Amino acid sequence: MAIQPDILSTGLNTMSAPAASIQYKDTSYLEHEQKLATLANSGADAKVLSKLIESIFVKQHRTIRDLDFKQLDPQAIADNYLLPRKDLNRFVVENWVQKIFIAGLPKKTQAALFMFGLGRLFSTYNDLGAQHSTDIDLNLIVDDAMPQRSIDALVTGLKRLQHEFHSRFGIVLELHPQYMIQREAEVLINLNTGTEKDRIASVLFYRTNEKSIRILQDHPVIRENIFSRVRQLPDACMFEHFMGFSAGKASYAKLRSSSEALVIGLDGSCDSLAVHTVVGSRSFGYWLRRHFPQGLFVSPPEWHFSMKYFINRVYDYICAMRNAGYQLEELGFRPASNPGGGTTRGKNERFGSVVMDPDFLYIRNAHKLMLFLQELVQSGIGAYGMEVDCSWMSGARFTRLVDQCGNDFLTDFDILVLSGCLLRPSEAERYRFLQQKIKTRSKDRYLEGPIDHLKNLPEGLRYDVLNNEGSRYKISIPYTWSDLAFFAFNAISVHIAQIVEGKILPTLPRMGMPKSELDRYRKAFSEN
């Protein structure tokens with residue numbers, strides 16, 4: 001949405017309190033923190049503190065790691081795996097940063113530093129936990145008077161911290177040169193007078209994160225001087241940040257409208273690739289319908305699905321808005337209710353004892369199960385220390401996981417998709433039908449047409465020619481595990497699009513989105 005500089009508040013009014021502290025699900029970490037604090041206050045050095053943190057990690061990590069994925073009830077994945085992982089990694093990162101990294105800085109540097117963490121590990125609205133593959137984002141803003149040599153020392157320290165996290169705990173600390181450490185004046189310039197791209201990115205970043213960041217080293221003056229300038233912007237900025245066209249990276253809107261390619265990290269390398277064969281995008285959907293009858297359940301030779309931007313970020317938006325005070329009905333869903341004993345609902349419509357909108361629970365379940373699927377990608381492809389981008393799935397990657405992990409992975413996937421209620425009953429029936437065809441290696445999937453159309457089939461499509469004489473051709477297309485995954489992700493993307501575009505999008509004018517901007521989204525999501 002259009003963000004004008006004159007909207008930004010420039011006055012420092014009443015000081016805003018820091019974001020609310022997040023709690024551990026496992027309260028034993030509070031005892032560990034108290035022990036660390038006692039040691040630190042008694043003068044224990046970094047070596048002693050790091051040894052204790054590492055010993056706690058090794059013990060808890062072993063417990064989480066040794067869980068049998070196949071025995072996890074999909075409805076309890078968050079409690080049994082994702083939340084324990086979030087507790088452990090958050091404990092390690094916060095205590096190492098505060099008690100070793102920050103405590104080891106000169107006092108003058110500490111006094112001039114505002115440092116906070118953000119993302120799935122630290123977010124106050126993340127109620128479903130995190131995978132081990134979740135990376136860490138730390139932001140540092142320093143007083144303008146800090147000498148350059150002190151900033152250089154901070155950069156060196158962060159790079160050392162990055163190495164420690166990865167070598168000791170397998171935790172990835174993302175360091176972005178442009179945003180890793182900034183002076184306060186640099187941030188204010190980007191908020192007010194920077195290039196349009198930088199200004200919009202900065203405005204959305206600070207407007208949407210104030211209530212969800214985890215402050216690791218506070219500097220109230222710097223904090224308020226920055227956040228106060230964006231606080232009056234409309235709440236529609238939240239949609240822009242999490243899902244809209246103004247998002248700094250890829251987003252639901254960009255992928256759905258096919259206005260931007262999906263950039264994926266290639267397995268086992270530092271290289272990336274921009275792909276346009278994105279499940280859920282308008283252009284790819286039209287291409288698919290032109291080439292294959294839908295009843296054949298054929299997957300294209302190449303397809304990609306973004307678990308991060310098509311599912312995870314949608315749920316993040318809803319949770320961020322609820323964290324900001326919005327009720328479900330204000331976000332397009334039915335209000336939660338607590339009916340008497342006479343009301344019966346499906347099991348997937350219950351959230352504890354409260355009956356929730358099934359579409360809200362669908363997104364919640366999809367998000368929870370995608371987090372877990374991303375962990376399966378990490379444990380499979382990334383099992384031997386390979387660099388792996390867990391945010392996406394493709395036919396080639398799915399087939400590789402089947403080849404590498406066999407029936408264990410297929411069983412896990414079945415549990416996630418079917419027990420997680422991500423397919424409608426009719427879709428689940430077709431899923432099982434397709435699965436049986438693959439297992440029995442059936443060869444009864446035929447495609448035929450005019451002989452001159454044979455050359456128009458997509459490059460890379462595997463098939464056996466049964467007849468190519470005369471005026472018509474007939475081919476047999478083998479069933480593959482890629483077909484099964486594509487069917488599932490395609491069905492999920494359709495359901496998510498119906499919820500976003502039918503329920504969430506119409507609520508945005510009440511949150512300050514101009515009608516012209518809403519019309520832009522509707523056109524982008526519906527045009528060819």
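A: Happy to. Let's begin with serine 50, which touches Trp96, Ile100 and Arg168, leaving out residues up to four places away in sequence. Keep in mind that this is a predicted model.

Q: Which helix does serine 50 lie in?

A: Serine 50 lies in helix α2, which covers residues 46-65.

Q: And is serine 50 buried or exposed?

A: Serine 50 is buried, because its relative accessibility is 7% and the cut-off for buried is under 20%.

Q: Okay, on to glutamate 94. Where does glutamate 94 lie?

A: Glutamate 94 is part of helix α3, residues 77-102.

Q: Buried or exposed, that glutamate 94?

A: Buried: glutamate 94 has a relative accessibility of 1%.

Q: What does glutamate 94 touch?

A: Setting aside residues up to four places away in sequence, glutamate 94 touches Phe122, Arg214 and Leu216.

Q: Which residues is isoleucine 171 in contact with?

A: Leaving out neighbours within four places in sequence, the contacts of isoleucine 171 are Asn89, Val92, Val93, His132, Ile136, Phe165 and His166. There's also a C-alpha separation of 6.7 Å between isoleucine 171 and aspartate 135, which are 36 residues apart along the chain.

Q: Switching topic: why is helix α8 described as largely enclosed?

A: Helix α8 runs over residues 220-227, and six of its eight residues are buried, so the rest of the structure largely encloses this helix.

Q: Which residues of α8 are buried?

A: They are Ile222, Arg223, Glu224, Asn225, Ile226 and Phe227.

Q: And what do the buried residues of α8 pack against?

A: Both helices and strands: α6 (184-192) and α7 (196-209), along with β1 (113-118), β2 (136-142) and β5 (214-217).

Q: Nice. Now α14 and α15: at roughly what angle do their axes cross?

A: The axes of α14 (residues 395-405) and α15 (residues 407-419) cross at roughly 125 degrees and come within 6 Å. The two helices are therefore oblique to each other.

Q: Which residues meet there, between α14 and α15?

A: From α14 there are Phe398, Leu401, Val402 and Cys405, and they meet Asn407, Asp408, Phe409, Leu410 and Phe413 of α15. By class, that contact has seven nonpolar residues, one polar and one charged.

Q: You mentioned a cysteine there. How many disulfides does the count come to?

A: The count comes to zero disulfides.

Q: Are cysteine 405 and cysteine 390 buried or partly exposed?

A: Cysteine 405 is partly exposed, with a relative accessible area of 31%. Cysteine 390 is buried, and its relative accessible area is 7%.

Q: Let's zoom out. How many helices and strands are in the chain?

A: The chain has 18 helices and 14 strands. Of its 528 residues, 53% count as buried.

Q: What share of the contacts comes from residues 24 or more positions apart?

A: Among contacts in the chain with a separation of 6 or more, 72% are between residues 24 or more positions apart.

Key
Residues are numbered from 1 along each chain as its sequence is written. This is a predicted model: local features need pLDDT of at least 70, side-chain atom pairs count only at pLDDT 80 or more; totals for chains, interfaces and linings use all residues. Side-chain values use heavy atoms; hydrogens and water are left out. Axes are lines fitted to C-alpha atoms, for helices over the stretch in contact, and angles run from 0 to 180 degrees between N-to-C directions. Helices (H or I, at least four residues) and strands (E, at least two) are DSSP runs, numbered from the N terminus. Angles under 35 degrees count as roughly parallel, over 145 as roughly antiparallel, 65 to 115 as roughly perpendicular and the rest as oblique. Contact means heavy atoms within 4.5 Å. Ala, Val, Leu, Ile, Met, Phe, Trp, Tyr, Cys and Pro count as nonpolar, Asp, Glu, Lys and Arg as charged, and the others, Gly among them, as polar. A disulfide is a pair of cysteine sulfur atoms within 2.5 Å. Buried means under 20% relative accessible area, exposed over 50%, partly exposed in between (1.4 Å probe, protein chains only).
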